[in-house]
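Here's a quick tour of some helix packing and a few ring contacts. Have the model open as you read.

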Amino acid sequence: MSFRELRNFTEMMRALGYPRHISMENFRTPNFGLVSEVLLWLVKRYEPQTDIPSDVETEQDRVFFIKAIAQFMATKAHIKLNTKKLYQADGYAVKELLKITSVLYNAMKTKGMEGSKMGEEDISKFKFDLGSKVADLKAARQLASEITSKGASLYDLLGKEVELRELRTEAIARPLEINETEKVMRIAIKEILVQVQKTKDLLNNVASDEANLEAKIEKRKLELERNRKRLQTLQSVRPAFMDEYEKIEEELQKQYDIYLEKFRNLAYLEQQLEDHHRMEQERFEEAENTLRLMQNKLKEEERRLLKAGGQLTPRAVQPSLPSSEQGWILGSCSLGSLYLLNSDFRQREFFHLLVYSPSGCNGQS
């Protein structure tokens, strides 16, 4: 849609006498109500006696309305409308509406020019229904084209009349020879007899072909019936191995159920084993971290005592453990070994922790 087309449409509708003011902003967005009203008004303006339903409430009614308008304009005014663009009811519909308004506007302009030359009385005399004369106009155009083609062919034939006149005169003046005429007639009769014989042969061939086809059809029917009986026989007979097959199938189903149960149990046990290993690993890491902290504390305590010049006593070596790790510590400074017995462990863990000792001492706390 262009601004020029929209402007021309609004000006033409104003010139045609449309009672409602149409703005160029009306078609920025789809406006099916306005488009249907304009289409109905244009059709009534083109042919007042037309009967087109104006109900456009539902989608089916709108589709029927657009189809009726397009069919009417195609049959009466020979104007081809794009129903898809009309149904959009936006700027693209203006192009289709222009096709109708242009015809009516040009007709009004032609009528106005004639009216300027003739008086009011003459205009009233020559008023006619344009819709009722469309068929007559179409027939007149067809007759005019036929007259033109016939006149051209007649002119060409008349141009050859001079030569044809002499030949026609000679043919009329020439005497009629009976022998030659008889000869020509016999030749024509022979040709006709040959064609008749060919036709009879074709008819005989058709009959033989039909008989062959019927024989083949009958043979195929017999084969089909025989195969049907054989199929029924095979369906009614039970195979010898069918009982064994059914028993094996039942046993296989039982074994499959057992396999599924064992597989689920195995998966569950593997999961439990993984959880147990993970818990043991966490306990081991926790105990190892505790012992490492104890070793560090013992080393710091020993350094502090060495700096102070004192002797390492059993009670001074004992570290302060958290409440969750309370237990007994057995130390042997000469052997450099440390044993931890924790009451919170489910099993007794044995760890060796190397401790630097400058002099041997035995103690128990």
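## H2 against H3

Let's start with helix H2 (residues 32-46) and helix H3 (residues 59-76), which pack at an angle of about 30° with their axes 11 Å apart. Angles under 35 degrees count as roughly parallel, so H2 is roughly parallel to H3. As for handedness, the crossing of H2 past H3 is left-handed.

Who makes the contact? On the H2 side you'll find Phe 32, Ser 36, Leu 39, Leu 40, Val 43 and Tyr 46, and H3 brings in Arg 62, Phe 65, Ile 66, Ile 69, Phe 72, Met 73 and Lys 76. Sort the residues of this H2 with H3 contact by type and you get 10 nonpolar, one polar and two charged. Keep in mind that this is a predicted model.

## A charge over a ring

Two of those contact residues, Phe 32 of H2 and Arg 62 of H3, turn up again here. Arg 62 sits over the face of Phe 32, at 5.8 Å from the ring centre.

## H1 against H2

H2 also packs with helix H1 (residues 3-16), at an angle of about 45° and with the axes 12 Å apart. That angle makes H1 oblique to H2. H1 passes H2 in a left-handed crossing.

By type, the residues of the H1 with H2 contact come out as six nonpolar, no polar and one charged.

## Aromatic pairs

How many aromatic pairs does a search of the whole structure find? It finds five.

Technical notes: Residues numbered from 1 in each chain as written. Predicted model: local features only at pLDDT ≥ 70, side-chain atom pairs only at ≥ 80, totals over all residues. Heavy atoms only, no water. Axes fitted to C-alpha atoms, helices over the stretch in contact; angles between N-to-C directions. Helix = DSSP H or I, 4+ residues; strand = E, 2+ residues; numbered from the N terminus. Parallel < 35°, antiparallel > 145°, perpendicular 65-115°, else oblique. Left-handed = near helix turned anticlockwise from the far one by under 90°. Contact = heavy atoms within 4.5 Å. Nonpolar A, V, L, I, M, F, W, Y, C, P; charged D, E, K, R; others polar. Phe/Tyr/Trp six-rings, centres within 6.5 Å; stacked < 30°, edge-to-face > 60°. Lys NZ or Arg CZ within 6 Å of the ring centre and 35° of its normal.
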